[in-house]
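Trainee: I am new to this structure and would like a close look at a single part of it. Please take me through that part in one connected answer.

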Amino acid sequence: MSIESLAIAAGSRLQHHAEFGKKTTYRVGGSVRALLTLSSLGELSELGSEIANVGMPIFLLGNGSNLLVADGEHEVLGIVLQGEFEEYSVTEDTHGVLVNAGAGIDLPVLSRRLSAEGVTGFEWAVGVPGTIGGACVMNAGGHGSDMAASVSEVVTWSAGALKQWSPEQLIFGYRSSALGTSDIVLSAVLRLSRGDIEESKKKLSEIVTWRRENQPGGQNAGSVFANPKDDYAGKLIEAAGLKGARVGSATVSQKHANFIIVDTDGSANDVYELMKYMQHQVLETSGVLLRSEHRFLGLGDLT
Ligand SMILES: Cc1cc2nc3c(=O)[nH]c(=O)nc-3n(C[C@H](O)[C@H](O)[C@H](O)COP(=O)(O)OP(=O)(O)OC[C@H]3O[C@@H](n4cnc5c(N)ncnc54)[C@H](O)[C@@H]3O)c2cc1C
């Protein structure tokens, strides 16, 4: 089988030579050979064997808020989850609240809706502009919490079959998990609790205010490098004198040194070259090798 077989089966759900980098929050970078939009588990089952035998790597795109896609075209099948994958449901048992969230739902949307329903424990996610799928892969976190604190199960489509992952199997670490590039996250169950709506609302607004005051706007993908043990990547980058450093269309933010802002119509390769420069300069000045927090398509991992 090939991309042609998938194209015939998928019809208008598959786009050839589709923009991919432009769909990330950097809004730069190249295209993929094909982009498939899936709206339900039924569609995944229907197209499952064509996807499994497509003959090229698969690359899932959430909100692209932690992703740098190299310029040019990539011989991969991009997949986006929409429709039913953007839904969630809330149930309760004797231990608290269980939220079954589709992989495509936005974290800020889910965080706000749960808060309004009196479900607490997911407020931290209001300022993280990713999806549940991307957040599980990355073990996204902030404000003293992370996905690992509440995920009790993840369901993926792996090697052509559904798979349920327990927290032990997910091996969540700092911005990492055991989920690999061939595991398509379909949904996650979060264990949260009932709480006071007004208190939860207050927490949301404090987090949003903190983000506005401390993080830059513009085309960026959040923190570029993970914090080293007992230190802060931003502090080390600033100490290396890199605020405002520029490579082509990419600049180290003046507001937060661990953010790169790229110009409209800029280049992903500029972002990557600036990252390499930052990594090199921090190693020279402080002896610390920073590890990239971003995921890449068509570019080597900066680890
Ligand atoms: C302004 C800003 C602030 C941010 N603040 C934070 C923060 O405080 N804390 C934090 O942790 N992160 C932060 N981020 C980074 C980012 O939002 C998170 O890493 C988020 O979890 C990425 O989710 P995404 O859906 O955008 O994933 P993407 O960037 O689309 O993808 C990231 C990785 O996950 C994979 N992936 C995505 N969806 C799936 C799926 N359904 N199945 C399998 N693999 C999938 C992709 O292939 C890729 O490897 C910030 C980003 C921005 C732009």
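Trainee: Of the 33 residues around the ligand, which come nearest?

Mentor: Keep in mind that this is a predicted model. The residues that come nearest to the ligand are G62, G130, G133, G134 and G222, out of 33 around it. Two or more residues of the shell are given by each of β3 (58-61), α4 (132-138), β9 (141-142) and β13 (183-194). Among the contributors, α4 provides the largest share, five residues. By kind, the shell holds 15 nonpolar residues, 15 polar ones and three charged ones.

The next point is where the ligand sits in the chain as a whole. The protein chain is divided into domain 1 (3-81), domain 2 (85-214) and domain 3 (233-297). The ligand lies between domain 1 and domain 2, because both of these domains give residues to the shell around it.

Domain 3 spans residues 233-297, and helix α8 covers residues 268-286. At 1.5 Å a residue, the 19 residues of α8 should span 27 Å, and the end C-alpha atoms are 27 Å apart, so the two values agree. The buried residues of α8 are A268, N269, D270, V271, Y272, L274, M275, M278, Q279 and V282. In an α-helix there are 3.6 residues a turn, so residues three or four places apart point the same way. The packing partners of the buried residues of α8 are β4 (67-69), α7 (233-239), β14 (246-247), β15 (250-252) and β16 (260-262). Just after the helix, G287 takes a positive phi of about 80°.

Three of those partners also belong together: β14, β15 and β16 form, in that order, an open sheet with antiparallel pairing. Its edge strands, β14 and β16, each pair on one side only. Between β14 and β15 there are two bridges, and these strands run antiparallel. R246 stands opposite T251 in β15.

S31 counts as buried because it has 20 C-beta neighbours inside 10 Å. Leaving aside residues up to four places away in sequence, S31 touches H17, A18, E19, F20 and E73. The C-alpha atoms of S31 and A18 are separated by 5.3 Å, although the two residues are 13 residues apart along the chain.

Conventions:
Residues numbered from 1 in each chain as written. Predicted model: local features only at pLDDT ≥ 70, side-chain atom pairs only at ≥ 80, totals over all residues. Helix = DSSP H or I, 4+ residues; strand = E, 2+ residues; numbered from the N terminus. Expected span 1.5 Å × (residues − 1). Buried ≥ 20, exposed ≤ 12 C-beta atoms within 10 Å, placed from the backbone. Contact = placed C-beta atoms within 7 Å. Near = placed C-beta within 6 Å. Nonpolar A, V, L, I, M, F, W, Y, C, P; charged D, E, K, R; others polar. Domains from an automatic or database assignment. Pairing = 2+ DSSP bridges.
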